[in-house]
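Trainee: I have the sequence and the model open. Please take me through the main points, one question at a time.

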Amino acid sequence: MTLAADSETWSEIHAQPGIWSNWAPELASQTDELRRWIADAGYEEIIFAGAGTSAFIGEIAAFAAEGNLRLRAVPTTDIVSNPRECLRDDPRLLVVQFGRSGDSSETVGTLDLLDGLFPSVGRLHITCNPGGALATRAPAGTGEQRVLLLPEATHDKGFAMTSSFSTMLLSALACFAPRNILVEALGKLAAKAEQLMPQIDAMTPPRPERIVFLGSGALKGASHEAALKVLELTAGETVSSHEGTLGFRHGPKSVITGADLVVVMIHPDAHTKLYDNDVATEIRAQFPKARVITLGDDVADLDVSCLGDARWDAPLYVLVAQIWAVRWAEALGLNIDNPFVDMGNLSRVVTGVKLYPAA
């Protein structure tokens with residue numbers, strides 16, 4: 001058993017505000033150059049790629065469209081198994097890969113495919129590990145490559161991705177959804193996170209047998225990441241699911257069977273939040289045994305609003321799941337930094353996947 005306060009994961013969650021603030025000036029400088037490169041290279045379509053949490057970063061960032069760029073999220077797990085339906089050899093295409101370690105099997109497999117089948121595709125690697133393949137491997141084709149290497153503190157030692165998730169996301173948004181004053185924006189997010197963390201901890205509910213996270217737009221990706229954090233850190237003891245808020249009515253609502261917990265991420269957009277609030281109200285009425293908690297503005301159960309942009313505020317919504325999941329892991333008597341240490345069936349970095357060459 002690990003106490004929360006003694007775990008690397010707890011420290012890494014609480015380190016996030018400081019990481020964002022300290023990284024902001026350097027990030028602003030690097031992303032200015034990266035945005036010029038993207039514009040000058042004539043890229044027209046951006047694919048955000050990663051596996052697990054790194055894929056969910058892409059689901060959020062894909063809503064960051066600015067100008068004429070087309071953005072899509074495609075997991076590396078799909079690219080490796082089905083490359084020709086995911087990519088094409090086109091110099092106007094840029095693949096942005098996220099990776100905490102930069103060494104997972106699918107990361108390496110995607111690099112192999114870009115070298116062999118799609119050599120003219122551009123590459124931007126956003127990673128936390130200076131020694132990983134994403135940081136060190138040069139492309140074999142004609143496509144240009146850039147690397148955005150995050151601070152060492154983001155290379156989480158714990159099993160679950162926390163500071164790596166939030167900082168890679170904010171770094172990607174700085175490239176594709178730039179704000180006028182990036183340093184000020186990250187400072188505001190950091191201050192809000194500092195304010196929120198004790199509130200989130202204090203309102204940790206009893207661990208449910210099932211939990212559902214709902215979100216609209218960019219917050220659908222945030223709901224995906226939140227559900228994974230709970231599932232990972234409680235070693236599967238808490239069954240978690242996620243869905244788009246309106247999509248939840250169309251069948252997935254059947255997951256609620258009793259005293260479950262439903263977390264509705266209320267979108268900051270005035271139009272979107274009308275639908276989010278309706279679904280929260282509906283679930284409360286239809287499932288009186290279930291508990292519904294809303295995250296959003298000052299009329300929600302917890303006010304996580306900061307910049308008023310779902311893409312940029314997404315780390316604050318996910319912060320709730322990070323903290324609660326650690327508390328629930330502690331209550332279960334798990335090793336928080338390695339919940340599967342006694343099972344041996346999951347590892348911090350997925351390696352050993354058999355990669356088949358694509359003819």
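**Charged pairs, domains and a buried helix**

Trainee: Which does Asp 90 count as, buried or exposed?

Mentor: Asp 90 has 7% relative accessibility. Under 20% relative accessible area is buried, over 50% is exposed, and between them is partly exposed (1.4 Å probe, protein chains only). Asp 90 therefore counts as buried.

Trainee: What kind of model is this, and how are residues numbered?

Mentor: This is a predicted model, where local features need pLDDT of at least 70, side-chain atom pairs count only at pLDDT 80 or more, and totals for chains, interfaces and linings use all residues. Side-chain values use heavy atoms, without hydrogens and water, and residues are numbered along each chain as its sequence is written, from 1.

Trainee: Which residue meets the side chain of Asp 90 in a salt bridge?

Mentor: Side chains of opposite charge can pair when their charged atoms come close. A salt bridge here needs a side-chain nitrogen of Lys or Arg within 4 Å of a carboxyl oxygen of Asp or Glu. At 3.0 Å, N to O, the partner of Asp 90 is Arg 88.

Trainee: How many salt bridges does a search of the whole structure find?

Mentor: One of the pairs is Lys 188 with Glu 184, closest N and O atoms 3.2 Å apart. They sit four residues apart in helix H9 (residues 182-202), about one turn of the helix. Helices are DSSP runs of H or I, at least four residues, strands are runs of E, at least two, and numbering goes from the N terminus. The search of the whole structure finds 25 salt bridges.

Trainee: How many residues apart in the chain are Asp 201 and Arg 327?

Mentor: Asp 201 and Arg 327 form a salt bridge, with closest N and O atoms 2.8 Å apart. Asp 201 lies in helix H9 and Arg 327 in helix H12, and the separation is 126 residues.

Trainee: Where does the domain assignment of the protein chain put domain 1 and domain 2?

Mentor: Domain bounds come from an automatic or database domain assignment. The assignment gives domain 1 as 4-184 and domain 2 as 204-332.

Trainee: How many residues does the contact take from domain 1 and domain 2?

Mentor: The centres of the two domains, taken over C-alpha atoms, are 25 Å apart. Contact means heavy atoms within 4.5 Å. By that rule, domain 1 gives 27 residues and domain 2 gives 24 residues.

Trainee: How much area do domain 1 and domain 2 bury between them?

Mentor: Buried area is the accessible area (1.4 Å probe) that two parts lose on being put together, summed over both. Carbon and sulfur atoms hold 71% of it here. The total is about 2,200 Å².

Trainee: Which helix gives the most to the side of domain 1 that touches domain 2?

Mentor: The count of salt bridges between the domains is zero. On the domain 1 side, H1 (8-14), H2 (16-41), H3 (53-61) and H8 (163-176) are the elements that give two or more residues. With six residues, the top contributor is H8.

Trainee: Which residues does Ser 166 touch, beyond four places away in sequence?

Mentor: Ser 166 lies in helix H8. Its relative accessible area is 0%, which makes it buried. Its contacts are Gln 16, Trp 20 and Pro 315.

Trainee: How far apart are the end C-alpha atoms of helix H12?

Mentor: The expected span is 1.5 Å times one less than the number of residues. For the 22 residues of H12 (residues 310-331), that should be 32 Å. The model agrees, at 31 Å.

Trainee: How many residues of H12 are buried?

Mentor: H12 is largely enclosed by the rest of the structure. Just after H12, Gly 333 takes a positive phi of about 75°. Of the 22 residues of H12, the buried count is 20.
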